[in-house]
Amino acid sequence: MAEVQTRLNYYWSSRAVAYHQAQTESERAPFDQDVWREVFAQALNCDHGTIVDVGCGSGFVSHLLAEAGHDVHGIDSCAGMLVEACGEARQHKQRGLNAANFRLGDAITPAWEAHSVDAVVSRYVLWTLTDPATAVRNWARMVKPGGRVVAADGLWFPTGIDPDIRVESTTGSRSFTNTYDEQTMSRLPLGKAASIDDYAALFANAGLESVEVSEVSAVHEIDQRFGLSKGHSPATQFVVSGVVTDRTHQVIAGHRVREYA
């Protein structure tokens, strides 16, 4: 699977500057920020916690949570995205705002102490992982009992990748379709997911409790207002959350014994 992740990291590095600019400088940016600020505040239901943002990209969620007063640590395996994230963090500090911290790290197997944080969050990450089930278990392992795992994602390509998708990238406008070809998509279990239940099942199977799924309809409204990029179609976006308990850690420990014994 390492060769797939290397390919994906190369793609996302080529997209980093344009991606970050779209999230911070586009006409729709402040509307997206307002929506996701509220979505994660409701899903986390905690004040001033220690949070790890896995697959943080250029730090969209990390920055919002840091501004809300949390101690945020963003990790990503894509160096180009982290350049943008760290640049934004420096600007936050210069303006006297609370800033997130960023470092290289793998979203599937984060090198993080067990039971050490209040929450793990992600946005638009699970669909593009080669082993999302292991990722969710490892995220839950990091969280203290009573904390939460919260993942936002979407049903992006239930019928496959549209060949007309174009992106702004240093490697050309067709870099998305060239990267997420059939070979790559076949290695991503949620790449063509057609049901939110596929995501919720990951949380339940990891032993997370009080699993909830809520659709983020406000994003669709923003899409309608500002339009979509060429080749992109409106997608159902949602948040899945679950509470970590002592039982969760027992389930994870039991799975690891069976998996690695």
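## Helix packing and a pocket in a predicted model

Helix 2 and helix 3 cross in a right-handed manner, a crossing being right-handed if the near helix is turned clockwise from the far one by less than a right angle, and left-handed if anticlockwise. This is a predicted model, in which local features need pLDDT of at least 70 and side-chain atom pairs count only at pLDDT 80 or more, whereas totals for chains, interfaces and linings use all residues. Residues are numbered from 1 along each chain as its sequence is written, and side-chain values use heavy atoms, with hydrogens and water left out.

Helices (H or I, at least four residues) and strands (E, at least two) are DSSP runs numbered from the N terminus. Axes are lines fitted to C-alpha atoms, for helices over the stretch in contact, with angles from 0 to 180 degrees between N-to-C directions. The two helix pairs are set out below.

| Helix pair | Angle | Axis distance |
|---|---|---|
| Helix 2 (residues 29–44) and helix 3 (residues 60–67) | about 70 degrees | 10 Å apart |
| Helix 1 (residues 2–25) and helix 4 (residues 79–94) | roughly 30 degrees | within 7 Å |

Helix 2 is therefore roughly perpendicular to helix 3, a term for angles of 65 to 115 degrees, while those under 35 degrees count as roughly parallel. To their contact (heavy atoms within 4.5 Å), helix 2 brings Asp 32, Gln 33, Trp 36, Arg 37, Phe 40 and Leu 44, and helix 3 brings Phe 60, Val 61, Leu 64, Leu 65 and Glu 67. These residues comprise seven nonpolar, one polar and three charged, where Ala, Val, Leu, Ile, Met, Phe, Trp, Tyr, Cys and Pro count as nonpolar, Asp, Glu, Lys and Arg as charged, and the others, Gly among them, as polar.

Helix 1 and helix 4, by their angle, are therefore roughly parallel to each other, and their crossing is right-handed. Among the residues making this contact are Trp 12, Ala 16 and His 20 of helix 1 and Met 81, Glu 84 and Glu 88 of helix 4. By class, the contact has six nonpolar, four polar and two charged residues.

Helix 2 also takes part in the lining of the second largest pocket, where helix 2, strand 6 (209–215) and strand 7 (237–243) each supply at least two residues. Strand 6 gives the largest share, four residues. The lining includes Val 39, Gln 42 and Ala 43, together with Arg 148 and Glu 212, and its classes are six nonpolar, three polar and three charged.

Gly 105 lies in the loop between strand 3 (101–104) and strand 4 (117–123). Not counting residues up to four places away in sequence, Gly 105 touches Ile 75, Asp 76 and Ser 77.

Methods
Angles under 35 degrees count as roughly parallel, over 145 as roughly antiparallel, 65 to 115 as roughly perpendicular and the rest as oblique. On a 1 Å grid over the protein atoms alone, a cavity is a set of points where a 1.4 Å probe fits but cannot get out, and a pocket is an open set with protein on both sides within 12 Å along at least five of seven lines; lining residues have an atom within 4 Å of a point.
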